Amino acid sequence: MTEKRIIKTIKVDPDKCIGCRACELACSAFHAKPRYSSANPARSRIRVVFDELNDIYFPIRSVAYTPAECAGRHAYVLQGKEYPECAFCGNICPSRDYFYEPDSKLPLKCDMCESTPELEEPVCVAVCRVDALTYEVREEEVAAGEEGPDELEIGLEALADEYGLDKVLDAVARIAGKE
Amino acid sequence: MRYAETGFRLEVDLTRGSIEKVPTDPSWTEMFLGGQGTAAKILWDRVGPEVQAFDPENLLIFTAGLLVGTPVPGANRTVVNTISPQTGLYAHSIFGAFFGPELKHAGYDQIVFRGKAPDLVYLWIHNDKVELRDATHLRGKGAQETARLIREELGVPEAQVAAIGLAGENRVYMATIEHSSASASRGVGAVMGDKRLKAIAVRGTQDLQLAKPEKIFQLSLDMFKAISENPFTGDIMAHEDDEEFHVDNFAWGNARKRIKGFWNKEREERWKKISESVRLRWTGCYNCPKDCHQAIKVPGHETYFQKCYSKLTYAMAAYKEIDFNYQILAKTQAYGLDGFSTPQVLAFAVELYEAGILTDEDLPGFPEDNGDRFFYLLEKIVRREGVGDALANGVYHAARQIGRGAEEYDHNTMKKFEQVPLKLKMINFPYFLMYATGEKMNITQIEGSYPQVPIADKKEREEFVKRWEAAPERFKKWYLEWEPRTHPPLEAAVHICDWNETMHYIDDAIGMCAFLSSFRGQFGGQPPYHIYNLPKFIAAAAGIELTPQELWNVARRNRNLIRAINVRRGLRRKDERPPEDHWQIRDPEKEQKVLSDYYTFKGWTQDGIPTIGTLEKLGLADVAEDLVRRGILSEDDREPVFQDISA
Ligand code: SF4
Ligand code: SF4
Ligand code: SF4
């Protein structure tokens, strides 16, 4: 069985990045509740990995939550430039501080700026005036399958990892009782 | 509820090693807006005229401007203020990149340092956790290297660091505070070194409250786009390979002579290739679509950033080519030295040597080649070795310490500070006023709204004026009537100086980049920010409603407060003298007339002191009382009072 699916891609050209962090700012503001109520790069789902002395300006988006870091970290040397550990990885991973709500420590996953009405392009792309980020949409035939987990599921999973599933279930039951 | 600002500042006593988080007075924000305005208020209240730059009682103040950390594009400036060891007056510098926004998100608008640490320390701010840490292992490290090492030892790659290099540690007056692609100069680096503060590292993850979040966001998105599409914004000249403007117009050596015809196509091609071979990329500042800085990698040196006209200042001072400039910048950026004043000090020393005032005894083994000489002198200065100890105090003081006629060669300082090496033909009255009366020491921090030259064609001039939204009405008339190679009326000169400086005073309070505002109108007349649209940004972000007129008056208040600080430290009319040879053809009578007119217009006495009436009208009655108590003003000095002119 196959079905049509929209594939959305944000293409990253790090050589064009000027390090302005407008993408971080825009993403955090768009996802603030209520929308635009705050602008704080620490809450962004896109982060520019900086290493100025090595000329590294590398925007990455958060892709998936993982409770534990990989068995081994990644380090790449490309054209003589050594990138910081895990610079290319979009995982929300305990090995680093990126992509966690600073207060609650809940993971922040890129949702491609899903909203109704739909945006023409994600806000991080829209503010990137130098085309370090560009947006492409295409349709593809893919094997029918399940959608990935949504934000609520990822959040619950992270809470379960931190506090244990039982405690989370207890808490949910208590909240349900209150309402 | 506080908007756009956090409402807190850090008070750090380096002598005692104590740190306090202090809530700030919201009425100050309404009066001074923030940035250098608030810093001036603190300096006025707490640093009396008896306090010298290197006394522990001197304060070193870092302030993120009012709009810094909000979504307003280009509002990313941190202002640094203190008392300068070089001028003995108020020192002002401002730097961009990422430090200010990070400080705001950490929960502070300002850091005030007092005292002196027993040995090198750095301040680490991580939201509510603030501590002084040992920095003795960073002694002598380059500014950029220091930032890297601090991030590594903290394990926080996102920390933003502002640091001094060896020059600051040794209290060299030209020392800077370096941060990412930006730096602060004009005395502040020396004071930081005197306080034995090697660096400040900050990481902040907290939200900042905005008065009308959705509105400010929309305004900011539109502005972001407008800036990126506006060809007259950012550091336009930095991107040009045609350097004719600088190499033909600025003076070479110790601000001595212009070399007409130096520039040609062949040289342009060669220089362009050299620049491309060392440039890693262009970079910008926090939340700005422009890319004004070059990341430069010279083999064998740490990566550094080049900005503004420092691309040529060392080469021109040494009569060298651009490759020399990139080489020496690799050293000076690591040492943390200002690219405007340092080359002048070096060229001054070379001249003294050539004149036989400095000898081989002072400079043993002094090389033949001018470039090698610069490298030689640099090492002496940053270590304060031998004659380097005098040179480290800048041209004015060095000349007097060296003596033997060296004073004759100090021809380009004003208020004891090195001025831009411009030697021009005909007196220019607006510029005369800006140089003479500026409190910020460097003309680039004063000029910028009114065009430097008129468009020759009358029709085009009319077109220009039609598009000129940034200008108050009175300037349109003067500009329309301005024919090439003529003087504007003296009245216009007074207003031009007033407008130019006012816009800087606004930018330096709200933390706006001058390349998007106060410095940018002079070429093209289309600065993205101006007196008429800034109020709506301030209102939506900070919740402070001001008319353009009221905003103008905040700038006026800050201007007068800073003038009062300097007056209390002895500044008077006699000091307001641009270098004698700045223009070949002078007009002393008219110069003094326009200076008098300017003082009157400002509501100052004929000695350049704000009158009681002026200070009271600006809500600075306490300042007036202090000046009277000290005998600087008499009870009768109530007039003139400045006139309210429409913004
Ligand atoms: S696509 Fe949207 S959610 Fe994803 S990083 Fe960009 S702005 Fe953030
Ligand atoms: S908006 Fe574009 S240029 Fe700016 S930091 Fe993000 S990716 Fe880089
Ligand atoms: S215009 Fe240039 S210097 Fe100013 S904020 Fe933008 S990038 Fe920085």
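Which side chain makes a polar contact with the side chain of B:Asn412? Hold that thought for a second, everyone. One reminder before we look: this is a predicted model.

So, the partner of B:Asn412 is B:Lys423, and the two side chains make their polar contact at 2.7 Å. The side chain of B:Lys423 also has a polar contact of 2.8 Å with the side chain of B:Asp581. Where in chain B is this lysine? B:Lys423 sits in the loop that runs between β17 (417-418) and β18 (424-426). Is it buried or exposed? With a relative accessible area of 10%, B:Lys423 counts as buried, because the cut-off for that word is under 20%. If you skip the neighbours within four places in sequence, the residues in contact with B:Lys423 include B:Ala251, B:Arg256, B:His411, B:Pro579 and B:His582.

Let's stay in chain B and turn to ligand 3. Among the residues around ligand 3 are B:Asn76, B:Arg77, B:Cys285, B:Cys288, B:Cys292, B:His293 and B:Cys513. Sorted by type, the shell of ligand 3 has six nonpolar, four polar and two charged residues. Why do we say that ligand 3 lies between two domains? Because domain 2 (246-418) and domain 3 (428-629) of chain B each give residues to its shell.

Now over to chain A, and ligand 1. There are 13 residues around ligand 1, and those that come nearest are A:Cys27, A:His31, A:Cys110, A:Cys113 and A:Cys124. By type, the ligand 1 shell holds nine nonpolar residues, one polar and three charged.

Ligand 2 has chain A residues around it too, including A:Cys17, A:Cys20, A:Cys23, A:Val48, A:Pro59 and A:Cys128. How many residues in the ligand 2 shell are nonpolar? The count is 10 nonpolar, with one polar and one charged.

Last stop: a pair of strands in chain A. Strand β2 (residues 46-51) and β3(A) run antiparallel, joined by six bridges. Across this pair, A:Val49 stands opposite A:Phe58 of β3(A). The hairpin has four residues between its strands, and A:Asp55 takes a positive phi near 55° there.

Key. Residues numbered from 1 in each chain as written. Chains lettered and ligands numbered in written order. Predicted model: local features only at pLDDT ≥ 70, side-chain atom pairs only at ≥ 80, totals over all residues. Heavy atoms only, no water. Near = heavy atom within 4 Å. Nonpolar A, V, L, I, M, F, W, Y, C, P; charged D, E, K, R; others polar. Helix = DSSP H or I, 4+ residues; strand = E, 2+ residues; numbered from the N terminus. Buried < 20%, exposed > 50% of the residue type's maximum accessible area, 1.4 Å probe, protein only. Polar contact = N/O pair within 3.5 Å; in protein donor to acceptor, adjacent residues only side chain to side chain. Contact = heavy atoms within 4.5 Å. Pairing = 2+ DSSP bridges. Domains from an automatic or database assignment.
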